[in-house]
Amino acid sequence: PYPTEEEDEKTKSDEVKAREMWAKHTRRSDSTIVDLFQFQIRSELTCPVCSRVSVTFDPIMYLTLPVPKPPHSVPLTVLLSDFPRSPPRTMELEVEKSATIEELESALWRALQRTPAEVPSCFCFADVYYGRIYRQFDPQNLVSDFRQNDNIVAFEVPLCPGVRLQDHVFIPLVCRKKQKPTQFSSQTWQYEKFEPPRIVAVPRDASNGEVFKQLKDMAEYLLESCQIEQPWNFEILTNVDNYATKAGDLLLEDHGLFLAPQQLAIDFDERAEQLKELLPKATKRSQAGPGTTLSACLAKSMEREVLSEMDSVYCKKCKEHRCQTKKLDLWSLPVCLIVHLKRFGRERLDGPLVKIGCSVDFPNELDLEEYMCQKGARSASSTRYELYGVINHHGNVGGGHYTANAVVVPPSAKTLELGEWFNFNDSIVSRATPEDLDTQAAYVLFYRRID
């Protein structure tokens, strides 16, 4: 027989209802699997109109937990206007994914506790790839235009005093080492880029001579800040190709109107090798991004939620479907607990399926006492568990690969203490340690009760 709601449910205690529902469940599903893995959750529905409360105690095989989506953050490298005297710094700014680059710039000024009027200057955001500006973002572009592997650099670009921001042209600039070819080549010179590239702001009505002086001052500032001995030899070039592998044209120091090229360059002589070594480097950026914890996932699953129209529930008192409030709690616990992290989902009903790839820190020993119902906790034999297995998913929605970590124990072992951690990757099995567990890829966790 399948369980039905009792007519006198209001007069029965939670313990009685839970016991009766479990008895009805085991009458049709009685096995070792049920004894080891299945348990009950207390599900409470409240009608928003008549306030009717309905409580059931549902049997489940595993605990599915939502992964709280961490605030969207943008990792970037910040290059201030006084570089190299101020080294590059790595930062993570929390902004909405729908924010514009202009809003990202405002967040950066706040994080630095500065204003654009101090220098005066502005920030330009670009994807840097092999020592050159691969893509420069406009203020109206969105933060969502950044791709996962983009190396986003925020360049603080000094503006010309008395010239409005919109009256500037922003041009990429590369620094290169000019050298003779090491092997046969049709070119007289070879050019080796070195980081970081720069972005320069040039007034729209500037002359060649004014831009020449601006770049000459920049080159001398670099050499002086790195204490490179004189004499200094460098060339300033315009009309440099996109990949910065060809010479370009020498920028004339005259009064002719400067025509903005695709890219500018400063070519240094053999002293460029010293300059490369002495320029400060940014610290390596973590790829994991912000994360969460298993405790946060448990707390999230226990929150009250208002069901959507699609998930509305029939109210027996109103005689209509209502968007009721739902609350879940742990009522009992199994011998072996399986925890499924809900990494795949949609931000909205009609949105694309996405994977939440943030790190979820989970303990080797887990205590669920605080997540139990008050009355149900008294009857539980133990709320403490130890981890013995993890299934990992590497990849994304489009494709991926599964691996596993597990404790292997001798056949005669009664506890996990004698076991060793192993990693299972298709046909490859290797020894592992608890420190090798991948919190960013963990998808299903396996715990065993400590009696």
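Modeller: On a 1 Å grid over the protein atoms alone, a cavity is a set of points where a 1.4 Å probe fits but cannot get out, and lining residues have an atom within 4 Å of a point. The model is predicted, so local features need pLDDT of at least 70 and side-chain atom pairs count only at pLDDT 80 or more, while totals for chains, interfaces and linings use all residues. Residues are numbered from 1 along each chain as its sequence is written, and side-chain values use heavy atoms, leaving out hydrogens and water.

Colleague: How many cavities of 30 Å³ or more does a search of the whole structure find?

Modeller: Grid points are joined across faces, edges and corners, and a volume is the space filled by probe spheres set on the points. With a threshold of 30 Å³, the search of the whole structure gives two.

Colleague: Which strand supplies the largest share of the lining of the second largest cavity?

Modeller: That cavity holds about 40 Å³ of space. Its lining is Phe 83, Cys 175, Phe 194, Glu 195, Pro 196, Arg 198, Leu 222 and Leu 279. Strands (E, at least two residues) and helices (H or I, at least four) are DSSP runs, numbered from the N terminus. Four lining residues, the largest share, come from residues 190-203, strand E10.

Colleague: How many nonpolar residues are in the lining of the second largest cavity?

Modeller: Ala, Val, Leu, Ile, Met, Phe, Trp, Tyr, Cys and Pro count as nonpolar, Asp, Glu, Lys and Arg as charged, and the others, Gly among them, as polar. The lining has two charged residues and no polar ones; the nonpolar count is six.

Colleague: Which strand gives the most to the lining of the second largest pocket?

Modeller: A pocket is an open set of points with protein on both sides within 12 Å along at least five of seven lines. This one has a volume of about 1,300 Å³, and of its 37 lining residues the closest to its centre are Leu 65, Pro 66, Lys 300, Glu 305 and Lys 342. The lining divides into 18 nonpolar, five polar and 14 charged residues. Five lining residues, the most from any element, come from E18.

Colleague: Is Glu 44 buried or exposed?

Modeller: Glu 44 lies in strand E1, residues 39-46. Contact means heavy atoms within 4.5 Å, and Glu 44 touches residues including Val 53, Arg 304 and Lys 326. Buried means under 20% relative accessible area, exposed over 50%, partly exposed in between (1.4 Å probe, protein chains only). Glu 44 has 12%, so it is buried.

Colleague: What is the length of the polar contact that joins the side chains of Glu 44 and Arg 42?

Modeller: A polar contact is a pair of N or O atoms within 3.5 Å; within protein, one must be able to donate a hydrogen and the other to accept it, and residues adjacent in sequence count only if both atoms are side-chain atoms. The side chains of Glu 44 and Arg 42 are joined at 2.8 Å.

Colleague: Which backbone nitrogen lies 2.9 Å from a polar atom of the side chain of Asp 127?

Modeller: Asp 127 sits in strand E6, residues 121-129, and is buried at 6% relative accessible area. Among the residues Asp 127 touches are Arg 132, Tyr 134 and Arg 147. The nitrogen at 2.9 Å belongs to Asn 151.

Colleague: Which backbone nitrogen does the side chain of His 168 reach at 3.1 Å?

Modeller: His 168 is in strand E9, residues 168-179, and is buried at 3% relative accessibility. A polar atom of its side chain also lies 2.8 Å from the backbone oxygen of Arg 164. The nitrogen reached at 3.1 Å is that of Cys 160.

Colleague: What is omega for the cis peptide bond that joins Val 119 and Pro 120?

Modeller: Pro 120 is in the loop between helix H3 (101-112) and E6. The peptide bond joining Val 119 to Pro 120 is cis, with omega about -10°.

Technical notes: Lists of a residue's contacts leave out its neighbours within four places in sequence.
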